[in-house]
Amino acid sequence: MNYDTAIKKQRYGQRELYRKTKGANYSWRSPRMIEQHVAKVYSSKVFFKVQKEIYKRGWFCEVKDLGEGDGWENFKVIHKNQKNEVKATYKVELKYDEKEVSCTCGYFNRFGILCRHAFRVLMDKIFNEIPEQYILRRWTKDVISSNYQLSRDRFDEEDEEVTKLVNEVFLNVETALDIVRDNKQKLACFAEKTKLLLNEVKSNSSSEKSITNFDVLEKLYNVTIPEEVEIFVPDV
């Protein structure tokens, strides 16, 4: 497999993951707002991992308040198994106003997402969103810039400015679809407007000078074909 093929395969895989994340429909396992926030910020694959921690925080974690110290609220979280047996005990510290939380299990440091013990404390304290500092960008939906060169794979476009404009068009259309997709009337109106715009673009394009084979040859070989060609017949 050569380099170009490998890169195209990698970008295709990335587009498929992005498409699945954009079109994902989730089933909630708790009525809490924090789970909906998780779905909004994380990629599809990471969402299910975080959702598992949120779900298990309610079934396998028991919390006890240890009081305050050095500006932190301290909690003991008892981690149980399915047989309700104590598996481990961890200490969770929380600074409510600063939205800082830490757990001695070290799960966040190892995997980059909060553990069930931290979620137990946060949700008991009615946090509706994960504190921003604990949302690592590499796990989020917008980890790839809107100017990511997806269009180059489709059009082999070398002009960076053109590529940026094409990406902007894709982003605008996708954003508009995300806004109206749940409203059938607005979606139909948006579809009609895009159809009118497409017809207008087609009409303008057809009125422009059509590209001939000579134009292609001039660009390909970087030569200019003269309007008149003189042919000298050799003397016989």
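Predicted model: local features only at pLDDT ≥ 70, side-chain atom pairs only at ≥ 80, totals over all residues.
Reader: What covers the buried residues of α5?

Author: The covering elements include the helices α2 (33–41) and α3, together with the strands β1 (61–69), β2 (72–80), β3 (86–95) and β4 (100–103).

Reader: Why is E53 called buried?

Author: E53, which is found in helix α3 (residues 44–60), has a relative accessible area of 4%; buried means under 20%, so E53 is buried.

Reader: Which residues are in contact with E53, leaving aside its neighbours within four places in sequence?

Author: With those neighbours left aside, E53 is in contact with Y107, L114, C115, R116 and F119, and of these R116 and F119 are listed among the buried residues of α5.

Reader: Which residues have the most contacts inside the largest nonpolar core?

Author: That core has 30 residues, and those with the most contacts inside it are Y42, V50, V101, L114, F119 and I130. Two or more residues each are given to this core by α2, α3, β2, β3, β4 and α5, and the largest share, 5 residues, comes from α5.

Reader: What does V50 touch, not counting residues up to four places away in sequence?

Author: On that count, V50 touches V38, Y42, I113, F119 and I130.

Terms used:
Residues numbered from 1 in each chain as written. Heavy atoms only, no water. Helix = DSSP H or I, 4+ residues; strand = E, 2+ residues; numbered from the N terminus. Buried < 20%, exposed > 50% of the residue type's maximum accessible area, 1.4 Å probe, protein only. Contact = heavy atoms within 4.5 Å. Core = buried A, V, L, I, M, F, W, Y, C linked by side-chain atoms within 4.5 Å.
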